[in-house]
Amino acid sequence: MSTPVELPRWADVALAPLLTVVTAFAVSGLVVLAIGENPIEAMSLLFKGALGSKAGWGYTLYYTTSFIFTGLAVAIAFQAGLFNIGGEGQATLGGLGIVLFCFSFEWLPGFLLVPLGVLGAALAGAAWAFIPGYLQARRGSHVVITTIMFNFIAATLMVYLLVNVMGRPGSMAPETRNIADHAVAAPMNVFLGALGISFPRTPLNISFFLAILAAIAVWVLVWHTRLGYEIRVVGASPTAAVYAGISPARITMVTMAISGGLAGLLAVNEIMGLQHRLLLEFSAGAGFVGIAVALMGRAHPLGVVLAAFLFGVLYQGGAELSFDKPAITKDMIVVIQGFVILFAGALEFAFKRPLARLFRIREA
Amino acid sequence: MEFLDATLQILASTVRLAVPLICACLAGLWSERAGIVDIGLEGKMLGAAFAAAVAAISTGSAMLGLLAGIGVSILLSLVHGYAAIAQRGNQIVSGVAINMLAVGLTAVLGHAWYREGGRTPPVAQSQRFLPIDLPFADQVGAIPVLGGIYKQLLSGHNLLVWLAFLAVPLTWWVLQKTRFGLRLRAVGENPAAVDTAGISVARLRYEAVIICGVLCGLGGAYLSIAQGAGFLNNMTAGKGFIALAALIFAKWRPGPALAACLLFGFLDAMAIRLQGVALPGIGQAPVQFIQALPYVLTVVLLAGFIGRAVPPKASGVPYVKER
């Protein structure tokens with residue numbers, strides 16, 4: 001920021017993030033210790049639960065899929081110097097987009113309906129993020145505050161729609177009817193089964209491939225297109241951007257829309273892949289996990305995918321851990337997440353400055 | 001008479017619902033007027049609510065509960081302050097981290113200590129701040145209108161309610177009428193000028209975040225050991241963010257902050273009251289619209305469609321001494 005900290009590139013991209021994660025785990029270990037459990041044992045149970053079986057991998061990668069989408073959403077906004085805290089709300093709207101498209105075009109065959117559902121998710125998420133983007137670009141209100149407010153507005157809107165407008169006929173539950181069977185994103189066991197590979201039934205579905213595609217697309221967009229260059233220039237210096245003939249206002253709106261579209265895709269994994277109907281709070285905090293993922297992944301798609309996988313391991317492993325060790329609830333993951341955000345985000349310089357000093361000593 | 005009674009009931013519940021908003025809103029005001037953006041109000045209140053309930057249960061004293069709540073809230077404030085002031089880290093990121101840590105830690109520790117799914121056991125009457133009846137409330141209450149106002153609206157609030165309302169003029173007086181307040185406001189507008197005058201920017205900002213911690217602690221303790229009787233998972237339920245909205249709505253000034261919190265408290269009271277009520281001509285009351293109103297109004301205000309909300313100039317900007 002104001003005083004750039006000079007680090008060798010490998011230390012900046014690998015060592016510093018690694019150190020922050022290790023610290024976050026160590027401090028969380030202290031919390032585990034404080035409630036009278038063995039952190040080493042907890043850690044090994046966690047990893048075994050996440051990666052010790054095919055089913056574990058299925059769940060882990062299902063969580064990973066969600067976090068790649070929200071992580072990319074936060075990351076691309078970071079590239080433009082924007083902080084999109086609205087992933088939750090944008091994902092919620094993404095779910096609405098899916099059911100609207102899937103219900104309206106139910107007569108279409110599956111190979112058209114599924115992409116339409118994906119499009120619906122992206123468009124609705126993009127629209128919900130475009131408004132804060134527009135308000136910052138043209139009306140001067142800050143996206144951080146507006147996206148927070150939009151999360152709450154989206155949540156209340158969803159309650160209203162599901163209770164009063166779109167509820168399943170003849171049911172009191174705040175959820176819609178199911179989307180058609182041919183609108184569903186194929187579960188991974190079905191997909192792999194068609195290729196002759198056996199895989200247990202887990203929530204993992206073909207949205208995983210969409211997430212990987214999205215990561216590649218973001219990489220290409222940010223580093224290999226003109227728009228991506230403009231995004232990075234605005235992120236680095238809005239004033240320089242103006243001199244270069246780039247309009248920061250336009251980039252703000254476009255980037256927010258792309259960011260919201262990516263967050264909206266979370267709903268593809270959750271609604272089209274798993275729930276098959278729109279219900280309340282299906283995003284389950286994944287929008288906030290995206291912030292941790294983007295910070296840890298240094299706002300780079302590869303970093304985001306790796307960090308999303310780590311959080312996938314944590315979520316699945318944490319769920320298994322809470323079965324084995326009833327004293328440790330799943331909320332432990334939120335604690336680790338909080339520490340990762342604190343150390344990798346807010347206190348990044350506390351890690352980098354001593355590191356930089358260390359490297360200077362070595363060079364001298 | 002019936003109408004008056006209903007109105008008084010709604011107003012009384014407005015006051016009760018507005019208290020945590022007032023605390024958090026003033027907390028945010030102190031922090032942001034000193035140049036530290038704080039979206040971690042929610043987390044600090046939650047942490048304080050938990051600590052207050054735990055301390056009240058284990059020591060049997062409401063006062064110690066309040067102190068524990070304030071202590072935990074100050075601790076979280078100092079983490080935020082350290083990140084924002086000493087490390088010049090991103091203040092939004094730090095706020096997000098504190099909110100998450102509060103949600104996670106209260107649930108993990110609560111479950112480990114009490115095994116009730118993250119809740120604490122109920123706090124006994126003797127360990128809570130109980131309603132204080134004003135003198136002669138029952139006798140005066142018999143007088144029409146004025147008596148009702150005295151009995152139902154003014155009497156029967158606990159100590160923390162009075163403290164919260166007292167904090168409003170106190171905040172105004174300190175900020176506007178004392179040297180400390182002037183310096184604090186200056187540090188949020190033009191820290192370089194304060195620094196040139198030989199006053200420590202960091203010290204003033206730390207003082208501001210500590211005051212912010214005290215007020216959030218008050219709000220949190222109010223939720224778990226005054227208005228409520230025990231800690232529930234995520235019991236702040238977005239109040240910290242509504243307070244943030246109220247702060248923007250009030251354009252970072254104490255008097256309007258009180259008004260905005262009362263307005264948002266009133267909307268909350270109406271939403272609760274109208275739950276499931278059929279209104280003539282409209283049908284089922286659109287409770288969700290009332291609930292979304294604070295957020296919508298804030299967005300509209302921020303966008304400059306009604307008036308303009310301009311934050312303190314240096315808020316969110318880490319101060320770097322020139323060399």
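**Group meeting: salt bridges, a helix and an interface**

Okay, let's start with the charges: a search of the whole structure finds 10 salt bridges over all chains, a salt bridge being a side-chain nitrogen of Lys or Arg within 4 Å of a carboxyl oxygen of Asp or Glu. Before I go on, the housekeeping: this is a predicted model, so local features need pLDDT of at least 70 and side-chain atom pairs count only at pLDDT 80 or more, while totals for chains, interfaces and linings use all residues. Residues are numbered from 1 along each chain as its sequence is written, chains are lettered from A in the order in which they are written, and side-chain values use heavy atoms, with hydrogens and water left out.

Back to the charges. R177(A) and E106(A) meet through their side chains at 3.3 Å, N to O. What does that pair tie together? R177(A) is in the loop between helix 6 (143–165) and helix 7 of chain A, and E106(A) is in the loop between helix 4 (87–104) and helix 5 (110–139), so the bridge joins parts that are 71 residues apart in sequence. Helices here are DSSP runs (H or I, at least four residues), numbered from the N terminus. On accessibility, I call a residue buried under 20% relative accessible area, exposed over 50%, and partly exposed in between (1.4 Å probe, protein chains only). R177(A) is partly exposed at 34%, and E106(A) is partly exposed too, at 24%.

E230(A) and R226(A) make one at 3.5 Å, N to O; they sit 4 residues apart in helix 9 of chain A, about one helical turn. E230(A) is buried, with 8% relative accessibility, whereas R226(A) is exposed at 69%. Over in chain B, E207(B) and R203(B) meet at 3.0 Å, N to O, and they are also 4 residues apart, in helix 10 (residues 201–227). There, E207(B) is partly exposed at 24% and R203(B) is exposed at 57%. As a reminder, an α-helix has 3.6 residues a turn, so residues three or four places apart point the same way. And there's a network as well: E37(A), E41(A) and K325(A) are linked by salt bridges.

Next, helix 8 of chain A, residues 207–224. Its 18 residues reach 25 Å from first C-alpha to last, close to the 26 Å expected at 1.5 Å a residue, where the expected span is 1.5 Å times one less than the number of residues. Which of its residues are buried? S207(A), F208(A), A211(A), A214(A), A215(A), V218(A), L221(A) and V222(A). The face turned away from the buried side carries the exposed L213(A) and H224(A). As for partners, the buried residues pack against helices 3 (54–79), 7 (188–194), 9 (226–236), 11 (248–275) and 13 (301–324) of chain A.

Helix 9 of chain A also holds G228(A), which is buried at 0% relative accessibility. Leaving aside neighbours within four places in sequence, G228(A) is in contact (heavy atoms within 4.5 Å) with L221(A) and V222(A). Its C-alpha is 8.9 Å from that of Q79(A), 149 residues apart along the chain.

On to the cores. A nonpolar core is a set of buried Ala, Val, Leu, Ile, Met, Phe, Trp, Tyr and Cys residues joined through side-chain atoms within 4.5 Å. The largest has 192 residues, and I85(A), F311(A) and I341(A) have the most contacts inside it. Helix 1 (residues 2–33) of chain B gives the most to this core, with 14 residues. A second, separate core of 12 residues includes L82(A), V234(A), I246(A) and I251(A). Beyond its sequence neighbours within four places, I341(A) touches residues of both chains, including F288(A), L295(A), V93(B) and M100(B).

That brings me to the interface. How many residues does each chain bring to the contact? Chain A gives 44 and chain B gives 42. The area buried between them is about 3800 Å², with carbon and sulfur atoms giving 79%; buried area is the accessible area (1.4 Å probe) that two parts lose on being put together, summed over both. On the chain A side, R139(A), M149(A) and F152(A) lose the most, together 15% of what that side buries. And salt bridges across this interface? The rule finds 0.

Note on methods: Helix = DSSP H or I, 4+ residues; strand = E, 2+ residues; numbered from the N terminus.
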